[in-house]
Amino acid sequence: MPAPAHPSHEPPGYECPFCELLSGGPLSPGNLCSPTDLVHREQLVAVIMACDGFGNYGGHAMVIPTAHLESLYDLDDEVAAEIMIMTRKVALAMKLAWDPEGTSTRQHNEPAGNQHVWHYHQHVFPRYADDDLYRQLRHRVPVEVRARKARDLAQALERLG
């Protein structure tokens, strides 16, 4: 299924920190990755430790494609499937290694979606009751608004095939 065309947000001359890490070569001065961040690598995906922490606990992982793919929109089905399989494995490994009370995953696309590195990455977090990872207020969405959005999304999915 071909994805709709979308603009890249990668600036000219971008030095991808994840590609530099995976290449095993020198890291550019602004790269916050460290060679010790590489946890695991397979043909299509790799697991790296994130340099930033969220909430009261540091230490979460990211599952990335080994190819330079900017966002979710750029993943083919095989890479997308491998990312999800590895995400599940990383969550299970976190339970085994650190015994968190739970796990969460999240992923961002484009600047308004809070993406800051122009290489797809799926965050996998160990979770604890007091970690304050999501400090946002939830609110109820009226049924009629959800119904309209469901119809819009269903029609868009049909157009994609």
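In the predicted model, histidine 123 is found in strand E5, which spans residues 122-127. With a relative accessibility of 8%, histidine 123 counts as buried, because the cut-off for that class is under 20%. The side chain of histidine 123 makes a polar contact with the side chain of histidine 60, at 2.9 Å. When residues up to four places away in sequence are not counted, histidine 123 touches His60, Ala61 and Met62, together with Ser104, Thr105, Arg106 and His108.

The largest nonpolar core holds 14 residues, of which Val47, Val63, Leu75, Ile83, Met86, Val90 and Val124 touch the most other members. Two or more residues are given to this core by each of strand E2 (45-49), strand E3 (61-65) and helix H2 (77-98), and the largest share, six residues, comes from H2. Valine 63 touches, again not counting residues up to four places away in sequence, Val45, Ala46, Val47, Ile83, Met86, Thr87, Val90, Tyr120, His121, Gln122 and Val124. Apart from this core lies another, of eleven residues, which has Phe18, Cys33, Ala46 and Val117 among them.

The space in the largest pocket amounts to about 360 Å³. Its lining is made up of 22 residues, and those that lie nearest the centre of the pocket are Cys51, Asp52, Met62, Val117 and His121. By residue class, the lining of the largest pocket divides into ten nonpolar, nine polar and three charged residues. Met62, one of the residues nearest the pocket centre, is also touched by histidine 123, while His121, likewise one of the residues nearest that centre, is among the contacts of valine 63.

Technical notes
Residues numbered from 1 in each chain as written. Predicted model: local features only at pLDDT ≥ 70, side-chain atom pairs only at ≥ 80, totals over all residues. Heavy atoms only, no water. Core = buried A, V, L, I, M, F, W, Y, C linked by side-chain atoms within 4.5 Å. Buried < 20%, exposed > 50% of the residue type's maximum accessible area, 1.4 Å probe, protein only. Helix = DSSP H or I, 4+ residues; strand = E, 2+ residues; numbered from the N terminus. Contact = heavy atoms within 4.5 Å. 1 Å grid on protein atoms, 1.4 Å probe; cavity = no way out; pocket = protein on both sides within 12 Å on 5 of 7 lines; lining within 4 Å. Points joined across faces, edges and corners; volume = space filled by probe spheres on them. Nonpolar A, V, L, I, M, F, W, Y, C, P; charged D, E, K, R; others polar. Polar contact = N/O pair within 3.5 Å; in protein donor to acceptor, adjacent residues only side chain to side chain.
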